[in-house]
Amino acid sequence: MQTSWLLADRSLPILIHPDTCEDDRASITWAAQKSQHIKDLVSDVGVALIRGLRVSSAEAFRAICEAIEPNLQPYTGGDSPRTGVADKVYTSTEYDASLEVLLHNELSYAGWSPNLIFFGCLQPSLTGGETHIADGRTIYERMPPRIRTQFEEKGIIYLQHLWDAKGEPGIGKSWQETFETEEREEAERYLRTAGMDWEWTDYGLRTRAAKDAVLVHPKTDQKCWWNQADQWHRDIAGVKTSFGASDDARFDPASAGEKSLGNHVVYGDGSEISADDLMTVRQVSASVEVKFPWQQSDVMIIDNILAMHGRKPFTGPRRVVVAMA
Ligand SMILES: [Fe+2]
């Protein structure tokens, strides 16, 4: 295989050109043979784009991912609306095509977060729909020191109040959808294992996850911006409020108080994070983003600590699937 840089002026992604892979089977065999080399590149560069495979279905995509990393995992605990399309393969997100999913580290708020994220393009959109990426090391370096120090030293706490699928519909996913179970005990088992606090309420389930906002990458030893606080703060509009019931009074913390549904985020010591600072975080992150159009059968692999990702608005049908390990 050969490698090059997709974009001359950007540190990621590295572009991997496979040897001739004329069908799914050849692509899977190639991926198995090169798995270690591919993973080494990803954990060094942050993102690799493999262009030149044949990936004709979600099943073929799953097999390619498994050939590279056999330990694929389900999306339990995630808040993005997705549909399973093959074993441990999901639609990338079902947020409306008109919306941008901002840069984030996958499941950084959850009990488990993947080391690797695989995206596969089964059908590129007509326009837009890029899965944009950004180097978390550069974001960390460019963050104003006053903001960076607070995030790094205090950490953050993700708060969410999930509605009950058996009650009135609320914002985002219900606790049953989030934890992929109907059983309270199973949701509690996830939360306990994750070290998260929780409380059952009249509305559903309130959870609290204390997390680092900056991580040191285990291989490169570099500090990486690693959170999605700007997308959880209740005073900043985000995609989570864009489906469900955005005008629902139960979501408004001003009127519903402790009974409010939805998300919020505070520093690890419980103090509030300034919404202005989070808008600065958003701007710094966006300033380093990289985007490029999907091509049919592209496979992109992201190191979930080194790099953040998002999704641009699009038109036309788009089929990008995802797996995690
Ligand atoms: Fe994501």
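Let me start with helix 8, residues 275-287, where 13 residues at 1.5 Å a residue should span 18 Å, and since the end C-alpha atoms are 18 Å apart, the two values agree; the expected span here is 1.5 Å times one less than the number of residues. Helices (H or I, at least four residues) and strands (E, at least two) are DSSP runs numbered from the N terminus. Please keep in mind that this is a predicted model, in which local features need pLDDT of at least 70, side-chain atom pairs count only at pLDDT 80 or more, and totals for chains, interfaces and linings use all residues. Residues are numbered from 1 along each chain as its sequence is written.

The buried residues of helix 8 are V281, V284 and S285, where buried means 20 or more other C-beta atoms within 10 Å of the residue's own, exposed means 12 or fewer, and C-beta atoms are placed from the backbone. These three cover an arc of only 100 degrees around the axis, which puts them on the same side of helix 8, the arc being taken from the directions from the helix axis to the C-beta atoms. The face turned away from that buried side carries the exposed residues D276, Q283 and S287.

Turning to the sheet, 4 strands form an open, antiparallel arrangement in the order 11-12-10-15, with pairing requiring at least two DSSP bridges between two strands. Strand 11 (197-200) and strand 15 (262-267) stand at the edges with a single partner strand each, so one side of each is left without a neighbour in the sheet. Strand 11 is joined to strand 12, residues 204-211, by 4 bridges, and W200 stands opposite L205 in strand 12.
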